[in-house]
Amino acid sequence: MDYQKLLTGREPYFVNFSRFGKYHLHRHHEIELSYCVKDSYVVFSNDKKVTLCKGDLLIVPPMCPHAILDSHKTTEMLTLEF
């Protein structure tokens, strides 16, 4: 599992809008909000697999290992880390 240093002092938050994809298991000190804008995707967080569907919000606490395991080509997601 990787440690991912997200905030480097320039901004107190990080926002990312992305389409489909996977993301390896990692953790960081920031709180992460993961919101499913369109379709669905599978997330591993807190030792559980969770499917987020359109309108779902996942809150990942600091230093909690998490990953995006699977998504569709039409998936859209919004991530906010602070």
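Start with the lining of the largest pocket: by class it has 10 nonpolar, 8 polar and 4 charged residues. Here Ala, Val, Leu, Ile, Met, Phe, Trp, Tyr, Cys and Pro count as nonpolar, Asp, Glu, Lys and Arg as charged, and the others, Gly among them, as polar. The model is a predicted one, in which local features need pLDDT of at least 70 and side-chain atom pairs count only at pLDDT 80 or more, while totals for chains, interfaces and linings use all residues. Residues are numbered from 1 along each chain as its sequence is written, and side-chain values use heavy atoms, with hydrogens and water left out.

**The pocket**

Next, colour by strand. At least two lining residues come from each of β2, β3 (23-27), β4 (32-38), β7, β8 (66-71) and β9 (76-81). The protein has 0 helices and 9 strands; both are DSSP runs numbered from the N terminus, helices being H or I with at least four residues and strands E with at least two.

**The nonpolar patch**

Now show the surface and select Tyr-13, Val-15, Phe-17, Tyr-35, Leu-57, Ile-59, Leu-78 and Phe-82. Together they make a nonpolar surface patch of about 760 Å². Patch residues have over 30% relative accessible area and no salt bridge; nonpolar side chains (Val, Leu, Ile, Met, Phe, Trp, Tyr) are joined within 5 Å, like charges within 9 Å. Areas come from the Shrake-Rupley method with a 1.4 Å probe, and for residues only the protein chains shown count as cover.

Two strands, β2 (14-18) and β7 (57-60), each supply at least two residues of this patch. Zoom in on Phe-17, which is found in strand β2. Its relative accessibility is 42%, so Phe-17 counts as partly exposed; buried means under 20% relative accessible area, exposed over 50%, and partly exposed in between. Of the 82 residues of the protein, 32% count as buried.

**The salt bridge**

Select Arg-19 and Glu-76. They form a salt bridge, with the closest N and O atoms 2.5 Å apart. Arg-19 is in the loop between β2 and β3 and Glu-76 is in strand β9, so the pair ties together parts that are 57 residues apart in sequence. The rule asks for a side-chain nitrogen of Lys or Arg within 4 Å of a carboxyl oxygen of Asp or Glu, and by it the count comes to 1 salt bridge.

Glu-76 counts as buried at 15% relative accessibility, whereas Arg-19 is partly exposed at 48%.

**Two positive phi angles**

Go to Asn-46, in the loop between β5 (40-45) and β6 (48-53). Asn-46 is not a glycine, yet has a positive phi of about 55°. Asn-46 is exposed, at 54% relative accessible area.

End at Met-63, in the loop between β7 and β8. Phi of Met-63 is near 65°, again a positive value in a residue other than glycine. With a relative accessible area of 26%, Met-63 is partly exposed.

Note on methods:
Buried means under 20% relative accessible area, exposed over 50%, partly exposed in between (1.4 Å probe, protein chains only).
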